[in-house]
Amino acid sequence: MNIRIIKENLVRRTMFGLCLFVFSLVFLMAFGLYQKSKPILAIISLKDLLFSSIWHPTQGHFGLSSFIAGTFWVTAIAVIIAVPLSILTAIYVSEYASKRVRSFAKPIIDLLAGISPIIFGVWGIIAVVPLVRDYLMPFFTKRFPFFPFVSDNYTGFSALTGGIVLAVMTFPIIISVVEEVLRTVSFEIREASLSLGATKWQTIKYVVLKKARPGIIAAVILGVSRAFGETMAVLMVAGCALGVFPKSIFDAAYPLPALIANTYGEMMSIPLYDSAVLLAAFILLIITALFNMAGWGILLHIERKQACG
Amino acid sequence: MEIKTHISVKNLNIWYGQHQAINNISIDIPDKKITAIIGPSGCGKSTLLKSFNRLIELQDGAKVSGKVLVDGEDIYDPKVEVTHLRKKMGLLSQRPQVLPVSIYENVAYGPRIHGIKDKKKLDEIVQRYLIESNLWDEVRGRLNSSASKLSIGQQQRLCLARGLAVEPEVILGDEPTSALDPLSAECIEQRLLELKNKYTIVLVTHILRQAKRLADYIIFLYLGNLIEHGPAEEVLNNPKYLKTKNYLEGKFIEEPKINKELNLKRTAYPNNFVTAKLALGDLEFGHIVKIIVDNESSAIEIPKAIEHEGHKILEVRKLNQNDWEIVVQKHNGGYVI
């Protein structure tokens, strides 16, 4: 009897300890990054760091704005492509596809989610870069010669390319989660809608998606968080040119993760260089965290609204 | 009593994969009456009900053969528009399934998907059917609040209003009171009794007292077979067949042990009756004989004649397109089973 209680306590405390350890990692990491980026913050004002686009480490210029903009470009393009595509695919797989198609499609989607980023990167160079260079860019710059399409970068290594590759990498995750979420919507409520004479699409649009909305938002958050942090594939296809502030989807983009991966550990003799790169990491962490919080905030709001009406 | 038929089921078979859930059922469901489908769990009550609005097709691996005629039109005809059919059939499910929107939107949902956009008209519809389902007084001040906040009994009435709002001809109830407290259940029953003047109502229920209170017509199913059907008083007070009787008395239903089987296919009445009579003569009292015939007139006449002889008919059932099975117990004054 006593042994049982001791065991119970032991198990509970061990698990609590482990849990605490995992939680504290987040804060430790944030704290570490902050500590390391302190030196540069002491010399150069945060405003200059965030809004200047001049990156000349040897001359002491550490403007991060073009990298931040690059991150946003690539992520935004990925989200714009991936979210509608993956939600519609998930709807098809869970609602319309026959059992056989579903049992066939699910493993393939999961496989896609598990492929190493480097393979996506190579695929991006071989397939997406020529597509952007030879078709998309000429088409858009000729037909729509205004804001997000004008560029003088004719290499095909661009924010759009990075975004497309990133979208392909994110959508298996979103599809997978959204599909699971849609399948948790009870059969009876679909029946209720169908028995009123609604078509399948009406039922999906007005009932299923409404019921599944919190889950879908969670799936999108998950996907976008991955897009923010994804490094390798983007680094390979987005251009990563220094000294360019991306003003167009066809400009080369140099997202924060790529900057960190490319430069950290090299040229450490340059003063403040490592501090600047770690500040970039810190900013990335904060952007991702803010985005996540905003996402969960929306989710909470919806859930509360559904509960209270 | 002249009964107008609304839904007519002809040789209906339904399979779930390999399992046959409905076995060759033919039946007419009367117009503007309450028909109760009764029977033990798993006997195919809900399956039969859901074959009327083709919701059954949505089940994985469900296969349907035979005909269901609604207003004389076969609903399984590929030309039939299923949304149109379902609009004719309001469904009340076991647990109320409110849509994740406001009370108002729940009722307006049906009319809206069928193309009514005029706000004034929708207001009118919402009010009319909430009144008809006796919910209006309770919700009039909070039409825009979430429907999931209502009590479960109110939710079921809301579902009723929602179903009525598309102006169906038939109300299908799949044990509509089983999740409700007694008061709410009574409220729903009351509504159904009022509504039967305007709608044909088909109810699946496993509550016999409810069937007694509500039903004009009873269908008794057992293991996917139609055992007995007829006007409620007849079936409930004076069941013809053993299985019905056992079920109504709350006894265990078991298949009668067949002592002898008689295949009387390809013989006509009264010749087959004479053969059956002779066979019964050889049997011990209480023993059971199963007779198979292959024409409907024999299936109607033989049981009558055998009953006249003083034996007990336990069951008459259609086996397939052509064949009927008549189960007879040689009478010795009481049942052996």
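# A guided tour of chains A and B

Begin by selecting A:Tyr34, whose place is in helix H1 (residues 2–43) of chain A; helices here are DSSP runs of H or I with at least four residues, strands are runs of E with at least two, and both are numbered from the N terminus. Before going further, note that this is a predicted model, in which local features need pLDDT of at least 70 and side-chain atom pairs count only at pLDDT 80 or more, while totals for chains, interfaces and linings use all residues. Residues are numbered from 1 along each chain as its sequence is written, chains are lettered from A and ligands numbered from 1 in the order in which they are written, and side-chain values use heavy atoms, with hydrogens and water left out.

With A:Tyr34 still selected, is this residue buried or exposed, or does it fall in between? At 34% relative accessibility A:Tyr34 counts as partly exposed, since buried means under 20% relative accessible area, exposed means over 50%, and partly exposed lies in between (1.4 Å probe, protein chains only). If neighbours within four places in sequence are left aside, A:Tyr34 is in contact with A:Leu41 and A:Phe282, where contact means heavy atoms within 4.5 Å.

**The nonpolar core**

Next, select A:Trp55, A:Phe62, A:Leu64, A:Val178 and A:Leu256, which touch the most other members of the largest nonpolar core, a set of 87 residues. A nonpolar core is a set of buried Ala, Val, Leu, Ile, Met, Phe, Trp, Tyr and Cys residues joined through side-chain atoms within 4.5 Å. Helix H6 (residues 159–184) of chain A gives the most to this core, with 14 residues. Centre the view on A:Leu256 and, leaving aside its neighbours within four places in sequence, look for its contacts, among them A:Phe67, A:Ile68, A:Ala280 and A:Leu284.

**Where chain A meets chain B**

Now colour the two chains separately and find the contact between them, which takes 24 residues from chain A and 26 residues from chain B. The area buried between chain A and chain B is about 2,100 Å², with carbon and sulfur atoms giving 64% of it; buried area is the accessible area (1.4 Å probe) that two parts lose on being put together, summed over both.

On the side of chain A that touches chain B, the elements that give two or more residues are helix H7 (187–194), helix H8 (200–229) and helix H11 (273–308) of chain A, and the largest share, 7 residues, comes from H7(A).

From there, move to A:Thr203 in helix H8 of chain A. A:Thr203 is buried, with a relative accessible area of 3%, and, apart from neighbours within four places in sequence, its contacts include A:Arg190, A:Leu194 and B:Tyr109.

**Across chain B**

Finally, show chain B by itself, where there are 12 helices and 14 strands and where the C-alpha atoms fill a box of roughly 75 × 45 × 40 Å, taken along the principal axes. Of the 337 residues of chain B, 55% count as buried.

Select B:Lys196 and B:Asp216, which form a salt bridge whose closest N and O atoms are 3.1 Å apart. B:Lys196 lies in the loop between helix H7 (182–195) and strand S8 (200–204) of chain B, and B:Asp216 in the loop between helix H8 (208–214) and strand S9 (217–222), so the pair ties together parts that are 20 residues apart in sequence.

Then select B:Glu249 and B:Lys245, which form a salt bridge with their closest N and O atoms 3.2 Å apart; B:Glu249 is partly exposed, with a relative accessible area of 42%, and B:Lys245 is partly exposed as well, at 27%. As a last stop, select B:Lys243, B:Lys290, B:Glu315, B:Arg317 and B:Glu325, which are linked in a network of salt bridges.

Methods:
A salt bridge is a side-chain nitrogen of Lys or Arg within 4 Å of a carboxyl oxygen of Asp or Glu.
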